[in-house]
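Biologist: I would like to learn how to read a protein model. Please take one feature at a time, with the general idea before the case.

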Amino acid sequence: MPAMTPATTPETPFDDFTDIEGLLRIPRLASLAAGPEGRLVAAIQQADEHGSRMVSSLWDLDPSGEREARRLTWSAKGESAPRFAADGSLLFSSARPDPTGAADEDVPAIWRLPERGEAHVVASAPGGLTLVGVADDGSMLATTEVLAGGSLEDDAEARQARKAAKRTAIWHTGMPIRHWDHEVGETSTRLVHVDADGGMRELTPGADTTSLLDASADLSRDGRRAVTTWTTRVAGGETRTSIAVVDVQPRRRRVLLRATAAHGWSGPRLSPDGTRVAVRRVTASTPTDTAYSFLEIHPLGGGEPVAVDVGDLTVGAYAWVDDARLVVSGDLHSRGAVLLVDAATGAVRTLVDDAPHGSLAPAADGSALFALRTDMATPAAPARIPLGGRGAVAATAIPVPGRIGALPGRLEWVETEVDGTTVGGWAVRRAEVSGRVRPAAARSSTSGGTAG
């Protein structure tokens with residue numbers, strides 16, 4: 001099992017585990033973005049002065065580990081969803097105040113931070129904008145919220161009329177009426193194309209409150225098309241999720257992969273050349289069995305898909321390195337792994353298998369993968385995983401705020417065999433206890449289960 005190469009940290013690690021307030025204030029890494037010339041930026045969440053909410057800011061990291069992380073943004077509202085443009089500028093979403101007064105207040109807008117100079121608003125909308133993808137020509141894909149039944153063009157006027165009339169009622173026209181912890185129905189999510197100068201064009205007019213609910217979407221490198229999940233209602237209050245292709249010019253939507261009663265689709269990711277899409281096919285659960293997901297690569301122009309055999313890995317995240325390679329991460333045997341996939345054949349090579357990894361960000365030159373590594377002893381921290389060579393590789397930790405010191409105890413990997421199947425898990429033992437003791441806590445799964 002490849003080990004993490006140690007790296008110098010930019011601050012003293014937190015190690016007083018009796019200080020609950022201090023523990024809650026440890027910075028938390030939320031996402032990574034890799035850019036040109038080896039740049040790497042992280043969104044890091046920290047508690048505000050009252051400790052009542054987490055505020056995200058963007059930090060410039062050094063993949064080589066030679067210097068400490070450097071904070072790039074400061075605001076009470078915070079910044080999220082960082083992505084690099086082809087010119088090296090950094091794009092992000094934020095509800096921070098716009099000094100020019102052009103952006104709507106208290107809703108996120110898309111901002112651009114050049115390599116030198118101040119950040120400025122690129123585009124804003126009454127329902128906010130969340131950055132989804134960036135093309136080489138500088139255009140972007142974003143999501144916004146529009147009052148149900150309306151359009152992006154008349155949304156500001158419709159919101160003002162609703163506010164002036166003091167209307168708060170929601171008219172439900174179908175299921176679902178709730179999603180997790182909030183009611184659904186007042187607004188619907190829409191995909192918006194934003195050009196390099198900030199001009200906006202709605203790509204999914206007429207989408208209802210369900211169509212893009214909790215949608216996953218991606219933009220091609222040339223900015224000509226997008227792929228997205230598209231959810232429709234069926235009888236009995238159920239929904240089915242297909243994959244749709246949306247052409248930017250002319251604006252046109254077609255179903256690429258249609259959901260059935262047996263399975264649906266999720267997580268579309270376009271190849272850099274825009275000819276193929278990596279997706280998860282998710283089987284429908286039954287009263288006697290759970291749902292299963294399978295990673296597949298489908299050509300947009302039609303033809304046979306490539307099935308990727310990930311073995312016992314439960315696929316979590318994946319990203320294209322280039323037109324020929326895909327990186328995949330997920331849970332594996334109560335730990336986790338990162339795989340490198342040949343997109344043409346589906347052949348798989350295991351890179352690391354010591355912990356779960358998320359927020360996959362391949363380097364611009366395809367030489368390495370940056371990811372957030374989490375294990376049972378440490379919170380999410382950035383790591384660099386080389387993509388060259390053969391077989392397993394060693395990941396290198398990258399300095400970042402929020403490290404913790406040695407745990408007040410020790411972790412042990414334990415295994416047993418049940419009906420011929422090896423079952424693994426983690427045993428947590430107090431440091432001062434010696435000899436054969438019963439684990440204070442343990443989590444385990446079967447060989448095909450999720451990480452503990």
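Modeller: The chain has two helices and 33 strands. This is a predicted model, in which local features need pLDDT of at least 70 and side-chain atom pairs count only at pLDDT 80 or more, while totals for chains, interfaces and linings use all residues. Residues are numbered from 1 along each chain as its sequence is written, and side-chain values use heavy atoms, with hydrogens and water left out.

Biologist: What radius of gyration does the chain have, and what would a compact globule have?

Modeller: The radius of gyration is taken over C-alpha atoms, and the globule rule is 2.2 Å times the number of residues to the power 0.38. For 452 residues the rule gives a value near 22 Å, and the chain has 23 Å, which agrees. The C-alpha trace spans about 70 × 50 × 45 Å along its principal axes.

Biologist: How much of the chain counts as buried?

Modeller: Buried means under 20% relative accessible area, exposed means over 50%, and partly exposed is in between, with a 1.4 Å probe and protein chains only. Of the 452 residues, 45% count as buried. The chain exposes about 22700 Å², and carbon and sulfur atoms supply 50% of that area; such areas come from the Shrake-Rupley method with a 1.4 Å probe, and for residues only the protein chains shown count as cover.

Biologist: Which residues have the most contacts inside the largest nonpolar core?

Modeller: A nonpolar core is a set of buried Ala, Val, Leu, Ile, Met, Phe, Trp, Tyr and Cys residues joined through side-chain atoms within 4.5 Å. The largest one here has 17 residues, and those with the most contacts inside it are L295, I297, L313, V315, L326 and V328. The elements giving two or more residues to this core are β21 (293-299), β23 (314-320), β24 (325-331) and β25 (337-342). Apart from it lies another core, of 15 residues, including V327, V338, A371 and I385.

Biologist: What is L326 in contact with, leaving aside its neighbours within four places in sequence?

Modeller: Contact means heavy atoms within 4.5 Å. With those neighbours left aside, L326 is in contact with A278, L295, I297, A319, W320, V321, L339, L340 and V341. Over the chain, among contacts between residues at least 6 apart in sequence, 42% join residues at least 24 apart.

Biologist: Is V277 buried or exposed?

Modeller: V277 is buried, because its relative accessible area is 0%. V277 lies in strand β20 (residues 276-283). Not counting residues up to four places away in sequence, V277 touches V227, L256, P268, R269, L270, E296, I297, H298 and L300. V277 and W320 are 43 residues apart in sequence and 9.6 Å apart in space, C-alpha to C-alpha.

Biologist: And where does T229 lie?

Modeller: T229 lies in strand β16 (residues 225-233). T229 is buried, with a relative accessible area of 5%. Not counting residues up to four places away in sequence, T229 touches residues including S211, T241, W265 and P268.

Biologist: What is phi for E37 and for D419?

Modeller: Phi of E37 is near 60 degrees, a positive value in a residue other than glycine. E37 lies in the loop between β1 (28-34) and β2 and is exposed, with a relative accessible area of 80%. For D419, phi is near 50 degrees, again a positive value in a residue other than glycine. D419 is in the loop between β31 (409-418) and β32 (421-430), and is exposed, with a relative accessible area of 81%.

Methods. Helices (H or I, at least four residues) and strands (E, at least two) are DSSP runs, numbered from the N terminus.
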